[in-house]
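Here are my notes on the two-chain model you sent over.

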2 protein chains.
Amino acid sequence: MSEANAVLIGKKPVMNYVLACITFFHGGAEEVNIKARGKAISRAIDVVEVVRRKFLPSVKVKAIAIGTDQVQPQDEEAQLSNVSTIEITLHR
Amino acid sequence: MSEANAVLIGKKPVMNYVLACITFFHGGAEEVNIKARGKAISRAIDVVEVVRRKFLPSVKVKAIAIGTDQVQPQDEEAQLSNVSTIEITLHR
């Protein structure tokens, strides 16, 4: 999948990421990929819902993919831990 | 969508919900619906990933739907607030 127009969801307020999505679409993007992992997944859904319902009703959810990433904890002797991921593709 | 075989994700440990899913499949279910809203959405993805990767590799994600529910806060004069929802359909 293309890495262009990706919005990586972190710990900032939802509206920051909503604005990032809108900026991509206003700049002419046909698709925007929203990516999150761990606890940020809930926020990613919030971002999608706010973009669709409040700002850009013509935007549709094209695809949702979930998966698992392996993460190396800061303590290097600790075991790899798994974190869930989500990638939502919006299309207008 | 059918309300049968639904697992509603709350605040319990992930393995509780994983066990609920496995129990449905071992009982003969062809499909299990995993539903969550708000911050429990991340846990719902964790449940799906653990079921698929650790216990039932033959289970596939058939569909993922996201949406918004309106919630009446306990203070009845407060405004309705929105909460994001997810419904993941697993199929074997």
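**Notes on salt bridges and the chain contact**

1. In chain A, a network of salt bridges ties together A:Glu49, A:Arg52 and A:Arg53. A salt bridge here is a side-chain nitrogen of Lys or Arg within 4 Å of a carboxyl oxygen of Asp or Glu. The search over all chains turns up eight salt bridges.

2. Ground rules before going on: this is a predicted model, where local features need pLDDT of at least 70 and side-chain atom pairs count only at pLDDT 80 or more, while totals for chains, interfaces and linings use all residues. Residues are numbered from 1 along each chain as its sequence is written, chains are lettered from A and ligands numbered from 1 in the order in which they are written, and side-chain values use heavy atoms, with hydrogens and water left out.

3. Over in chain B, B:Glu49 pairs with B:Arg52 at 2.5 Å, N to O. Both sit in helix α2 of chain B, three residues apart, or about one turn of the helix (helices, H or I, of at least four residues and strands, E, of at least two are DSSP runs, numbered from the N terminus). B:Glu49 is buried at 3% relative accessibility, whereas B:Arg52 is partly exposed at 22%. The classes are buried under 20% relative accessible area, exposed over 50%, and partly exposed in between, with a 1.4 Å probe and protein chains only.

4. A:Lys62 and A:Glu31 form a salt bridge at 2.4 Å, N to O. That pair joins distant parts of the chain, from strand β3 (residues 60-71) to strand β2 (residues 31-37) of chain A, 31 residues apart. A:Lys62 is exposed at 53%; A:Glu31 is partly exposed at 26%.

5. Now the contact between the chains: what does each side put in? Chain B gives 18 residues and chain A gives 18, counting heavy atoms within 4.5 Å. Together they bury about 1400 Å², 62% of it on carbon and sulfur atoms; buried area is the accessible area (1.4 Å probe) that two parts lose on being put together, summed over both. B:Ile45, B:Ile64 and B:Ile66 supply 37% of the area that chain B buries against chain A, more than any other three residues.

6. How many salt bridges cross the interface of chain B and chain A? The rule finds zero. On the chain B side, α2(B) provides the largest share, eight residues.
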